[in-house]
Amino acid sequence: MDTVSFYIAFIAGILTILPIAGAPFGTRPNIVFILADDLGWHDVGYHDSIIRTPNIDKLAAEGVKLENYYVTPLCTPTRAVLMTGRYQIHTGMQHGVLMAQEPRCLPTDEVLMPQKLKESGYTTHMVGKWHLGFYKWACTPNHRGFDTFFGMYLAGGDYFNHTRLCHGRRLAAWDLRDGDQVVAPEYVGKYSTIVFAEKAQEIIKKHDPTNPLFLYLSFQAVHAPLQVPERYINMYKDDIRDESRRIYAGMTTCMDEAIGNVTRTLARRGLLDNTIIVFSSDNGGAKLYGASNYPLRGQKGTLYEGGVRAPAFVYSPLLSNRVRGTATHELMYVGDWFPTFLHLAGGNLHGVKPLDGVNQWHTVSAAMPSKRTEIVHNIEPLRGKPPRVKDEPWLTNPYFDIRVMASIRVGEWKLITGRKGDPTWTIPPELGGGSVDPGRPTIVELYHIKEDPLERTDLSRDRPDIVNKLLERLRYHSDTSRLPETPTPVFDTSDPLHHNMAWGPWE
Ligand SMILES: *[C@@H]1O[C@H](CO)[C@@H](O)[C@H](O)[C@H]1NC(C)=O
Ligand SMILES: *[C@@H]1O[C@H](CO)[C@@H](O)[C@H](O)[C@H]1NC(C)=O
């Protein structure tokens with residue numbers, strides 16, 4: 001290296017360190033990652049929602065809002081991307097959500113975020129919903145890098161009695177554990193959001209501050225079923241007439257209160273000043289269960305923006321005044337937390353498989369441009385293909401089978417192929433309700449997301465050059481995919497009847 005480039009590299013190095021070194025932390029920051037389940041774009045107060053989330057709003061207002069931030073369309077794949085920093089197509093987790101009796105999990109040859117943070121000296125805790133598989137112990141969170149785990153393996157269970165229905169039966173089995181132990185019966189009648197907040201607060205109170213803390217707080221809320229203590233529903237009795245929306249709003253406000261409680265405990269314990277809190281939803285809201293992604297198109301499970309663009313923010317007293325209270329429109333992705341947190345932890349990528357995430361700390365803390373230019377929203381080879389494709393001009397393109405449900409974002413362009421799921425724009429009940437149906441969607445759709453974030457104008461016929469380029473990128477990524485595993489569910493040995501009526505490992 002010659003002298004000039006040495007100095008350039010040296011100064012660039014200082015600039016990269018500055019946002020951190022300039023902040024008052026000589027020690028590594030605590031990291032609290034809060035994941036909401038199925039929370040819609042329009043369901044945080046700061047997105048002009050009727051739903052009141054004062055704690056979320058305050059943290060977002062004093063932090064950096066991530067307004068161009070993406071997750072995957074479903075629970076399991078988003079959690080897989082979060083834990084690995086790798087696209088779901090690279091871990092075989094691109095197909096649907098994990099079912100209770102499927103013998104699969106996030107592959108155990110993947111190195112997870114808590115493992116790496118632990119290696120860097122963090123104490124690692126998980127509270128809440130896992131949903132990345134549990135058929136053998138090696139799949140479960142406290143065998144994969146979390147020092148402690150308190151929570152549920154599955155999804156969609158009862159919020160008060162912590163059970164989840166069994167396949168084909170009207171029988172429910174326990175799904176709440178402390179470490180390996182089933183503790184559900186002790187918590188019957190206690191609402192999961194409140195229980196999870198209490199557990200998180202206990203962890204914070206007991207935390208020995210000589211080591212930095214990593215807490216992954218993964219709420220069951222606000223996923224179906226629609227359940228919450230009455231007093232939260234009553235908060236909306238005058239404002240929201242639609243029953244599902246009213247209960248959902250109550251669930252969201254309860255989660256917001258939980259976040260307030262956890263933040264207050266961090267402050268009282270003297271930890272908040274050296275903590276980075278990240279908040280994110282795992283996918284778009286489910287409109288059947290009261291959520292709203294307005295004004296975005298589509299919903300949970302779809303590749304439209306309503307399925308994959310999530311409310312998110314970073315809060316931290318460590319952020320400089322220059323960025324506090326701002327919103328960034330730089331492109332960010334749930335897979336970016338892995339390298340971002342590792343950077344904050346001063347860790348390394350030793351042993352980690354090739355990442356799809358990029359370190360976004362400078363985007364968040366110093367308003368630098370994002371290094372991300374592309375997001376593979378999903379490539380789902382096993383999803384049923386649309387029946388009528390005869391008249392599609394792209395059918396014979398040399399790159400990618402357009403009948404496959406897939407979507408990719410490159411720069412401001414977004415391509416969607418295959419099945420679309422719900423293609424409507426849905427208006428929440430409090431704004432009049434109803435939905436706008438675009439009619440039969442075409443198989444290949446192209447949008448310019450910056451100019452058309454609501455995906456109103458399909459430009460595929462005007463810009464065949466861009467379509468070709470994006471189909472080629474889909475082909476490139478598709479060629480690197482790990483095939484999704486779809487083992488046959490095991491209904492006998494996995495049956496909770498053989499496991500004290502609890503969901504748990506059977507291998
Ligand atoms: C828990 O509630 C569900 C309904 O949400 C019910 O089917 C189940 O029997 C209840 N289980 C227990 C143990 O109370
Ligand atoms: C928040 O803390 C208050 C006071 O301890 C408690 O009464 C309330 O149930 C908590 N709420 C949640 C959602 O955790």
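Analyst: Buried means under 20% relative accessible area, exposed over 50%, and partly exposed in between (1.4 Å probe, protein chains only). This is a predicted model, in which local features need pLDDT of at least 70, side-chain atom pairs count only at pLDDT 80 or more, and totals for chains, interfaces and linings use all residues. Residues are numbered from 1 along each chain as its sequence is written, chains are lettered from A and ligands numbered from 1 in the order in which they are written, and side-chain values use heavy atoms, with hydrogens and water left out.

User: Is E374 buried or exposed?

Analyst: E374 counts as buried because its relative accessibility is 13%. R473, at 28%, counts as partly exposed.

User: How should I read a salt bridge?

Analyst: Side chains of opposite charge can pair when their charged atoms come close. The criterion is a side-chain nitrogen of Lys or Arg within 4 Å of a carboxyl oxygen of Asp or Glu. The structure holds 29 of them. One joins E374 and R473, at 2.7 Å from N to O. E374 lies in strand β15 (residues 374-380) and R473 in helix α12, so the pair ties together parts 99 residues apart in sequence. Helices (H or I, at least four residues) and strands (E, at least two) are DSSP runs numbered from the N terminus.

User: Which residues do salt bridges with shared partners join into one network?

Analyst: The network consists of R86, D109, E110, K353 and R482. Within it, the closest N and O atoms of E110 and R482 are 4.0 Å apart. E110 is buried at 2% relative accessible area, whereas R482 is partly exposed at 27%.
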